[in-house]
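Visitor: I would like to learn how to read helix packing. Can you show me on an example?

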Amino acid sequence: SNFVIRLISKPFLNIGWEDKNDHGIFVRLLTTYSNFDEKNEVTLEAKRLFMSYVNDNNNNEKKSILPPKYKTAVLSFILRSGNENYYEMLMKKYETILDETEKIHVLSAIGWINSIELKKKVLNWGFNNVYIQDFSYLLNGMSASGIIGREISWNFLKENFDSFLSKISTTSPFIFETILSSCTSKFCTNEFADEIEKFFQNNNNDLSFAQRTISQRIEFIRIAAKSRERVLNSKDLGSSVYWDTLCV
């Protein structure tokens, strides 16, 4: 939104890009920053770092041009431009990476690509080529990318649910919890809580091992829905005009 862009632009530039002891604020700003303008100073520097990273033959995380503390944030920010070339560059980079931690950075970012077609494509790729315990990073990043990403992730889980169960059958039940959380944690409406509840009620698989996890996810969504309704019903907070007048 315009409010977010105005609020964080100056503080963002003041923080700088150097690797510091704590880049928590930096990461939160960059992942919130939605002003992808090719001429914008933030975008230009993020793009430079992105291109240096994908063209760097050194795949050692400790020697990477992008510090791990904000690597995923920079990669996902550039992917939000929707440029398929950036997506292809990062996918090629992934194929050369040997370090598992480094792969997770890419998996966490790749789902942010601003293309419905590519979001679906990368989910299919990940499901067939990535360890199931790491696949949750891809799902979580895609869900965090916005409402479209959340819906694509959830639909993918539903459509491939039997295959998911088969993959996790020999792993820890915690993997199921992680997968389900990655697909649903960003939802905040009672309608979606009803949908997930109905899906599992009508599922014929033995899910006794996961009943507590399923119930908790539904409850968390309903709690988030209540908070959302309070904001929307607020005279000020629920008005776009209110937010647009701030940070002018």
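Predicted model: local features only at pLDDT ≥ 70, side-chain atom pairs only at ≥ 80, totals over all residues.

Visitor: At what angle do helix H5 and helix H6 pack?

Guide: Take H5, residues 84-96, and H6, residues 100-110. They pack at about 155°, and their axes are 10 Å apart. Angles over 145 degrees count as roughly antiparallel. H5 and H6 are therefore roughly antiparallel to each other. Their crossing is left-handed.

Visitor: Which residues make the contact?

Guide: H5 brings Tyr 87, Leu 90, Met 91 and Tyr 94. H6 brings Lys 103, Val 106, Leu 107 and Ile 110. Sort them by kind: seven are nonpolar, none polar and one charged.

Visitor: Now a single residue. Is Val 122 buried or exposed?

Guide: Check its relative accessibility against the cut-off: buried means under 20%. Val 122 has 0%, so it counts as buried. It sits in helix H7, residues 116-129.

Visitor: What does Val 122 touch, beyond residues up to four places away in sequence?

Guide: Val 122 touches Tyr 87, Met 91, Ile 110, Leu 138 and Met 142. Take Tyr 87: it is 35 residues from Val 122 along the chain, yet their C-alpha atoms are separated by 9.6 Å.

Visitor: How do H7 and helix H9 cross?

Guide: Read the angle, then the hand. The axes of H7 and H9, residues 147-159, cross at roughly 40° and come within 11 Å. The crossing is right-handed. On H7, the contact residues include Leu 123 and Phe 127; on H9, they include Ile 152 and Phe 156. The contact divides into six nonpolar, three polar and two charged residues.

Technical notes:
Residues numbered from 1 in each chain as written. Heavy atoms only, no water. Axes fitted to C-alpha atoms, helices over the stretch in contact; angles between N-to-C directions. Helix = DSSP H or I, 4+ residues; strand = E, 2+ residues; numbered from the N terminus. Parallel < 35°, antiparallel > 145°, perpendicular 65-115°, else oblique. Left-handed = near helix turned anticlockwise from the far one by under 90°. Contact = heavy atoms within 4.5 Å. Nonpolar A, V, L, I, M, F, W, Y, C, P; charged D, E, K, R; others polar. Buried < 20%, exposed > 50% of the residue type's maximum accessible area, 1.4 Å probe, protein only.
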